[in-house]
Structures are given as structure tokens and as C-alpha cells.
Amino acid sequence: MEKLRIVFMGTPDFAVGILDTIYNSNYEIAGVITAPDKPAGRGQKVSISAVKAYALAKKLQLLQPTNLKSPEFLSELENLQGNLQVVVAFRMLPEVVWKMPTLGTFNLHASLLPEYRGAAPINWAIINGETQTGVTTFFIDDKIDTGAMILRKEIAIGTDETAGELHDRLMLLGSEAVLETLNLIENQKAVTTIQAENPDVKTAYKLNKDNCKIDWTQSGLTIHNLIRGLSPYPAAWTLIKEGDQEWNVKLYTATYEASSEGKPVGTIYTTKKEILIATKDGFIKVSQLQFPGKKKMFAHELLNGHTLSENAIAL
């Protein structure tokens, strides 16, 4: 059995959950690699990654390279003397980096590979209406999320579960998977499986303004899945038009109810406490939303101070 000396690479909250599990399991962490600090928000105040905040709190050796191929970084990485690299939600590594440790470099991906390779696997699993997802650990190779798999763990997706809720459950499942993977590697028992190549596998494309916009001509269930699959971030959005006014509105939580009433698609109608938007096969009942320049609020809070007229429509 070879004692592990781990270099951890990651950036967001999801990665922190995994790093914390490794730390609390008393593995030796030789160093932590994360993204450089960057300006964020309206004030462009410099912010640090969640992984950096954790590493500083635990007084772990920290590197923040801007160029993963620079001689300076490669020298610093080599000096950490790690024999295994663990990657969670970081960035694509050059070959010189992932080949450096003697025991290899493995990644934790939040999907059941080969399905949902790419940047946003949690979101797309929900958007596409999947009922099962999971996590996969695999040794990194020269492509994105294609390496030899070490292990996979499955989990069911709730019918109304949001991406944020699934994120938190997958972080716990991912922690279990990483610990099991570390144990296998440490005891020289890791057996890998080559990913099957299938042109029909689904891809977890990077999210952008276009693929986050609601298309009200789609089925109500498809729209509901988009809303929950993008909640709480970056959020599905729609254009709401009322007379000569237009707003880009984000929808965070909603439910779908089938109906044969046959109102025109996109028609908005309200009660004292509810906002409903017609689809071709029912309606979306909006629970939480955000108008531009306003805070996120529940529908009944919005309706206390803002009344949508009968000619309001979602486009």
C-alpha cells in the first residue's frame, strides 16, 4: 500500500464539499490548486473561489495559476511532491499536468458517464427530464470527461427537484465516491472501465442566455423541467410584455398543471396570490421570480405591489 499525498484541484462550492471530506478523512493534502481571484458583481469587487476560502481557513498550501503550462507553475506543482491529483469542477488540464503524479490524476464528474460530459451535467439532467443521475470517478486523459472510469454511483432525481437541491445531494454522493476511489487506489485495487463510444450520448453544454430562455411553445412539462433545471442559477428567463413595456424576468420555482382550457400560449393571468402562464397543454404556476432591478420574490409578494394587466404576455 502506497501512502497518498494528494494535490486537489477545484473551484466552486461543489468542490469544497469533496475537499472537506478528504481533509476530514485524514488524507495528506500536499496542496490545493484553484482559480485566480477575479472581479465579480456590480462593484467589480475582487472575489476568491470557494476552494481558496476553504484552503486558507485550513492553512493548506495554495496555488492559483493563470497558465497551467507555465514553467513557474509546473515547477511549483512538482515541488508539492504529490503522487495523486484529484480534480473536481476545475478546468481542462494539459497533459504535462495530469501525467505528473505517479498514481495518476482522477476527476469526479456529476453524471453517469458517458452521459452528460461537459460543463453543466446537473442542470442538463433535470432539463432533459431524467429520473436518474449520479457521479463518476475516472482517470483523466487528453479529452473532456472521456477517461477510463473507476466507479459510478447512482441517485434518483425527484419530480420537482431543482438543480440546487440535486447539487447538494450529488456533493454528498460524490464525497462517498471519492473516498472509495482513494481507498481503491491506495490499496492498488482500482479496476477501470473504458467508456463506450456512442454518438447518441447526451451532452452537458455550457449554459448561456439563449439556452436558458423559455420557449412557451414547448410542452408544460418541458418548460417546468427547464425552470427547475436552472434554479437557483443561472435561472430560466422569459420576456414579459405588457403594453409598451417589456421586462426580462427570471423564474426560479414553478409547478406545471395539465389543462385543456386552451388559452393562447404565453397568456398571463393572475389571482390575488398566483401568477399563471398558459402553455399548449396546461399552465405554469409561478412561485418565485425576479423582475430586473428587483429582489427575488414570491408571486404573492410581487402581486401586493404590482398588478399585471389582462393583455400581459410571456414571449
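**Entry 1: strand E15 and its partners**

I looked up E15 and found it paired with strand E16 (residues 282-290) in the antiparallel sense, over five bridges. Strands here are DSSP runs of E, at least two residues long, and helices are runs of H or I, at least four, numbered from the N terminus. I take two strands as paired if DSSP finds at least two bridges between them. Isoleucine 277 has isoleucine 284 of E16 as its bridge partner. The link from E15 to E16 is a hairpin through two residues.

I note that the model is predicted, so local features need pLDDT of at least 70 and side-chain atom pairs count only at pLDDT 80 or more, while totals for chains, interfaces and linings use all residues. Residues are numbered from 1 along each chain as its sequence is written, and side-chain values use heavy atoms, with hydrogens and water left out.

I then checked strand E14 (residues 268-270), which pairs with E15 in the antiparallel sense over three bridges. Tyrosine 269 has leucine 276 of E15 as its bridge partner. E14 and E15 form a hairpin with four residues between them.

Is E15 (residues 275-279) buried or exposed? Five of its five residues are buried, that is, under 20% relative accessible area, with exposed being over 50% and partly exposed in between (1.4 Å probe, protein chains only). Ile275, Ile277 and Thr279 point one way, and Leu276 and Ala278 point the other way.

**Entry 2: the cavity**

On a 1 Å grid over the protein atoms alone, a cavity is a set of points where a 1.4 Å probe fits but cannot get out; a pocket is an open set with protein on both sides within 12 Å along at least five of seven lines; lining residues have an atom within 4 Å of a point. Points are joined across faces, edges and corners, and the volume is the space filled by probe spheres set on them.

The largest cavity has a volume of about 40 Å³. Its lining includes Ile275, Ile277, Val286 and Leu289. E15 and E16 are the elements that give two or more residues to this lining. By class I have nine nonpolar, no polar and no charged residues. Ala, Val, Leu, Ile, Met, Phe, Trp, Tyr, Cys and Pro count as nonpolar, Asp, Glu, Lys and Arg as charged, and the others, Gly among them, as polar.

I read the volume of the largest pocket as about 1700 Å³. The pocket is lined by 47 residues, of which Pro12, Ala89, Phe90, Ala119 and Ala120 lie nearest its centre. Among the elements giving two or more residues to this lining are helix H1 (13-24) and helix H6 (163-186). The lining has 27 nonpolar, 10 polar and 10 charged residues.

The second largest pocket has a volume of about 170 Å³. Strand E13 (residues 245-258) gives the largest share of its lining, three residues.

**Entry 3: helix H3**

In helix H3 (residues 71-79), I found Phe73, Leu74 and Leu77 buried. They lie on the same side of H3 because they cover an arc of only 100 degrees around the axis, taken from the directions from the helix axis to the C-beta atoms. Pro71, Glu72, Glu78 and Asn79 are exposed on the other side. Just after H3, glutamine 81 takes a positive phi of about 60 degrees.
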